[in-house]
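Thanks for sending this one over.

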Amino acid sequence: QVQLVESGGGLVQAGGSLRLSCVARGNIGSINTMRWYRQAPGKERELVATISGDGVTNYADSTKGRFTISRDNAKRTAALQVNSLRPEDTAVYYCNADIRSPFSNTSGNYWGKGTLVTVSS
């Protein structure tokens, strides 16, 4: 069993910052690409940022320059530093990862349950 568990969400005023964390638990061989998505009320889930196994990052245009994704392979964690928050950043933020089994050559794509970020104006 593999689980992704997010934390760090909360209520923050516009212009503020949060640091979201994601930890992978369970039977894990290796973790390839890790991603953060978000889903605002009434909207589709959108990709916010990605980080490859060797640390290459990509960002959505709406978050570029304000959000920073990072990872710690030894701790099996990913983080999303979110700065200069805007009310339109209000959403549930989800961690997603491609994880290889330690028992075979198979990989699976896994989701966490999300952490809520609310930005007040």
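1. Let's start with the sulfurs. The structure holds 1 disulfide, a term used here for a pair of cysteine sulfur atoms within 2.5 Å. Cys22 and Cys95 are the partners, with 2.1 Å from S to S. The link of Cys22 and Cys95 is left-handed, with -75° about the S-S bond.

2. A word on ground rules. This is a predicted model, where local features need pLDDT of at least 70 and side-chain atom pairs count only at pLDDT 80 or more, while totals for chains, interfaces and linings use all residues. Residues are numbered from 1 along each chain as its sequence is written, and side-chain values use heavy atoms, with hydrogens and water left out.

3. Now the rings. There are 2 aromatic pairs in the structure. Rings of Phe, Tyr and Trp (its six-membered ring) pair if their centres lie within 6.5 Å; planes under 30 degrees apart count as stacked, over 60 as edge-to-face and the rest as tilted. Tyr37 and Trp111 make a tilted pair, 4.8 Å centre to centre with 55° between the planes. This pair also connects distant parts of the chain: Tyr37 lies in strand S4 (residues 30-39) and Trp111 in strand S10 (residues 107-111), 74 residues apart.

4. Buried or partly exposed: which is Trp111? Trp111 counts as partly exposed because its relative accessibility is 38%. Tyr37 counts as buried because its value is 18%.

5. The other partner is Tyr94. Tyr94 and Trp111 form an edge-to-face pair, 6.4 Å centre to centre and 80° between the planes. Tyr94 is in strand S9 and Trp111 in strand S10, 17 residues apart. With a relative accessible area of 12%, Tyr94 is buried.

6. Finally, look at Arg45. Its charged end sits over the ring of Tyr94, 3.8 Å from the centre, and over the ring of Trp111, 4.7 Å from the centre. The cut-offs for this are CZ of Arg or NZ of Lys within 6 Å of the ring centre and within 35 degrees of the ring normal.

Notes. Helix = DSSP H or I, 4+ residues; strand = E, 2+ residues; numbered from the N terminus. Buried < 20%, exposed > 50% of the residue type's maximum accessible area, 1.4 Å probe, protein only.
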